[in-house]
Amino acid sequence: MVRRAAVLGSPIAHSLSPVLHTAAYAELGLAAEWEYQRHECGESGLAAFLDGCDASWAGLSLTMPLKRVALALADTVHEPAAAVGGANTLVFRDGRRHAHNTDVAGIVAALREAGTTRVRTATVIGAGATAASALAALRELGATEPHAVTALARYLGRTAELSAAAERMSAVVAFAPLTDIERHLDVDLVVSTVPAGAADHLADVVAAGRAAVFDVVYAPWPTPLAAAAAGAGRTAVGGFEMLLHQAAVQVELMTGAERAPVEAMRAAGLAELRRRAAAPA
């Protein structure tokens, strides 16, 4: 029986997950036994999709907008998915659905790989689901003191999701309007969790500070924010590294492999990004 896995979300056409997981299967010698696909799926369709998964299914990677609804459809919710309030992974085992969040591990691994092994203070741009994962990662890296993390939002009335996650983590987070960013740059790390283009206008302001930069965007790369930081001599870490390392944890959870082949996955993912960048618009 071929074991099946897939990535679900909407939109899903440009997901790199099939490239990363398929590369892992090949390196692990599982290419003939495992397949990984992508499926367009919105919140209203997830329950039916899960009900249609038979014993051949090993697990699912989940992107927006499915991370929150997945919690309600899982039999078991593991940390840090419960604390963050969202699952990007469902693993099928013993007839049960196990919800995990590997985004947190992906952020931690990406930053450590770049030499950022300890973070005492940080500013997070954005206050949504990715910001909640970033908060959990920052706490793992050492930002645990009250107000060690400041979240900047365009509209402070839309911070309920991150506020709830912080409460579940027993974290005391400061909130401030994005327009006040210059007051919050004397930190170890600035994390941008907003979509491509949304933080471009902040590049020079952030680069003038002392902080390293982590931008969750992976294409196009480097983002203006990352380029400005690197040009100023700061460490700049991108979303591809986060995606790579969170996918590696997913491979381990789904296949039972002791260690995912990160370098093979990295090579395949970067090659695909180069191919897409060179393709006609």
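Is Ser170 buried or exposed in this predicted model? Ser170 is exposed, because its relative accessible area is 62% and the cut-off for exposed is over 50%. The residue is found in the loop between α7 and β9 (174-177). Its backbone stands out too: Ser170 has a positive phi of about 55°, although it is not a glycine.

Asp94 lies in the loop between β5 (89-93) and β6. It counts as exposed, because its relative accessibility is 74%.

Strand β6 spans residues 96-100 and contains His98. His98 has a relative accessible area of 11% and is therefore buried. Its contacts, leaving aside residues up to four places away in sequence, are Thr76, His78, Thr89, Leu90, Val91 and Arg93. Val77 is 21 residues from His98 in sequence. In space, the C-alpha atoms of His98 and Val77 are 6.0 Å apart.

One runs from Ala219 to Pro220, with omega near -5°. The other runs from Trp221 to Pro222, with omega near 0°. Pro220 is placed in the loop between β11 and α9 (224-231). Pro222 lies in the loop between β11 and α9 as well.

Helix packing was examined next, starting with α5. Helix α5 covers residues 103-113, and helix α10 covers residues 239-255. Their axes lie 7 Å apart, at an angle of about 125°. The two helices are therefore oblique to each other. The crossing of α5 and α10 is right-handed. On the α5 side, the contact involves Asp103, Ala105, Gly106, Ile107, Ala109, Ala110 and Glu113. These meet Glu241, Met242, His245, Gln246 and Val249 in α10. By class, the contact of α5 with α10 holds 6 nonpolar, 3 polar and 3 charged residues.

Helix α5 also packs against α6. Here the angle is about 50°, and the axes are 8 Å apart. The pair α5 and α6 is therefore oblique. Its crossing is right-handed. From α5, the contact draws on Asp103, Val104, Ile107, Val108 and Arg112. From α6, it draws on Ser133, Ala134, Ala136, Ala137 and Glu140. The contact of α5 with α6 comprises 6 nonpolar, 1 polar and 3 charged residues.

Asp103 takes part in the contact of α5 with α10 and in that of α5 with α6. Asp103 lies in helix α5. Its relative accessibility is 6%, so the residue counts as buried. Asp103 touches Ser133, Met242 and Gln246, together with Lys67 and Asn88, when residues up to four places away in sequence are not counted.

Helix α10 has a further partner in α11 (residues 262-278). The angle between α10 and α11 is about 135°, and their axes are 10 Å apart. These two helices are therefore oblique to each other. Their crossing is right-handed. Helix α10 contributes Phe240, Leu244, His245, Ala247, Ala248 and Val251 to the contact. Helix α11 contributes Val262, Met265, Arg266, Gly269, Leu270 and Leu273. The contact of α10 with α11 divides into 9 nonpolar residues, 2 polar and 1 charged. His245 of α10 belongs to this contact and also to the contact with α5.

The largest nonpolar core has 37 residues. Leu135, Leu138, Met169, Leu189 and Phe214 touch the most other members. Two or more residues each come from α4 (81-84), α5, β7 (122-125), α6 (129-140), β8 (149-153), α7 (160-168), β10 (189-192) and β11 (212-215). Helix α6 gives the most to this core, with 7 residues.

Phe214 was followed in detail. It touches Ile107 and Leu111, and also Leu189, Val190, Val191 and Ser192.

Key:
Residues are numbered from 1 along each chain as its sequence is written. This is a predicted model: local features need pLDDT of at least 70, side-chain atom pairs count only at pLDDT 80 or more; totals for chains, interfaces and linings use all residues. Side-chain values use heavy atoms; hydrogens and water are left out. Axes are lines fitted to C-alpha atoms, for helices over the stretch in contact, and angles run from 0 to 180 degrees between N-to-C directions. Helices (H or I, at least four residues) and strands (E, at least two) are DSSP runs, numbered from the N terminus. Angles under 35 degrees count as roughly parallel, over 145 as roughly antiparallel, 65 to 115 as roughly perpendicular and the rest as oblique. A crossing is left-handed if the near helix is turned anticlockwise from the far one by less than a right angle, and right-handed if clockwise. Contact means heavy atoms within 4.5 Å. Ala, Val, Leu, Ile, Met, Phe, Trp, Tyr, Cys and Pro count as nonpolar, Asp, Glu, Lys and Arg as charged, and the others, Gly among them, as polar. A nonpolar core is a set of buried Ala, Val, Leu, Ile, Met, Phe, Trp, Tyr and Cys residues joined through side-chain atoms within 4.5 Å. Buried means under 20% relative accessible area, exposed over 50%, partly exposed in between (1.4 Å probe, protein chains only).
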